[in-house]
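Please open the structure in a viewer and keep the selection panel at hand.

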Amino acid sequence: MTTTQHLIRFLLLAGFAMLIVYLFRTGDMTLFIAPKMELLVKLSAIGLYAAAIYQLYAALKARRKSHAADCDCDHQHSSSRTKNIFVYSLFILPLALGFLTPTGTLGSALAAKKGMSFTGNEMISRSATETSSDPVSLSTKGSSGNINDNILNELFPYDEYTVDHARLAKQLYEQPLIVVPESRFIETLTALDLYRDAFMGKEIEISGFIYREEEMGEDRMAISRFAMNCCSADALPYGLMTTWPKANKYAEDDWVKGTGKLAISNYMGKEILTVELTKIERIPAPASPYVYPDLEFGF
């Protein structure tokens, strides 16, 4: 291998390591990976630096000896300049894009391609949670103001796959205002959808970006978040459908906080959980625009 090839590899490896450091220093790395992956990515930067130093050492060694071999093996390397340029350009292009192009958050355009989910975790079936029980009336509350545990168990049946969501649903049910938190955004939406009948009429507050489809009309829009499990490539949009008389006055990707009553509506032939808004306000985009699975949920 020639000195030039070693130097090119040194620059590429060092460049990718510097890009990782740059993204962490600017805070933009959170736009690409979930927090649980940060340590692994930082360690990969150290590995890249080590590999870059080795390539620099090999370049100096090759130059001193004035021959192409960097080991005692008889490896044959391509002498085609066109092929080498093509191969190295595959690494140079993404590296250049990483430094030169501005970073941006995922929004409505990508949500439209991936498809908005209005049901939380679609891997969990509602069949084990369906109940004909009516919402608990005030007469079922004890003297302490807490709802009778037996009534809660009837409202929120569960199996081995939904036991944790049933436990969360019970906690949500006793709140006068259900605030969908960032820390358990998906888990909360899943619990609400699994036991939707029990939550009818409950007041809820949710924050996110505006997402709209043509089929929604002028008085409906979704308040949504992108949920990231590992990296931006696997991010999926989740949200709640909302109704508001002036919904069309809000632009896509506007960040809002909406408060209203939970109901059920029909959309695209499916019954979905809907928030009949009573209040909505614009808010600044959060420092971290994504939500992540709660790794402690169920423990």
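The model is a predicted one, in which local features need pLDDT of at least 70 and side-chain atom pairs count only at pLDDT 80 or more, while totals for chains, interfaces and linings use all residues. Residues are numbered from 1 along each chain as its sequence is written, and side-chain values use heavy atoms, with hydrogens and water left out.

The axes of H6 and H7 come within 9 Å and cross at roughly 85 degrees (axes are lines fitted to C-alpha atoms, for helices over the stretch in contact, with angles from 0 to 180 degrees between N-to-C directions). Helices (H or I, at least four residues) and strands (E, at least two) are DSSP runs, numbered from the N terminus.

Next, display the side of H6 that takes part: His165, Leu168, Ala169 and Leu172. From H7, the contact involves Glu187, Thr188, Thr190, Ala191, Leu192 and Leu194 (contact means heavy atoms within 4.5 Å).

**The covered helix**

Remain on H7: is it mostly covered or mostly open? It is mostly covered, for ten of its ten residues are buried (under 20% relative accessible area; exposed is over 50% and partly exposed in between, with a 1.4 Å probe and protein chains only).

**The nonpolar core**

Now select Phe156, Phe185, Leu192, Phe199, Ile204 and Met221, the residues with the most contacts inside the largest nonpolar core, which has 38 residues. Such a core is a set of buried Ala, Val, Leu, Ile, Met, Phe, Trp, Tyr and Cys residues joined through side-chain atoms within 4.5 Å. H7 gives the most to this core, with six residues. Centre the view on Met221; beyond its neighbours within four places in sequence, its contacts include Ile210, Leu240, Trp244 and Leu277.

**Salt bridges**

Finally, select Arg225 and Glu182, whose side chains meet in a salt bridge at 3.4 Å, N to O (a side-chain nitrogen of Lys or Arg within 4 Å of a carboxyl oxygen of Asp or Glu). Arg225 lies in strand S3 and Glu182 in the loop between S1 and H7, 43 residues apart. Arg225 is buried, at 3% relative accessible area, whereas Glu182 is partly exposed, at 39%.

Then move to Arg196 and Asp193, joined by a salt bridge of 2.6 Å, N to O; both residues are buried.
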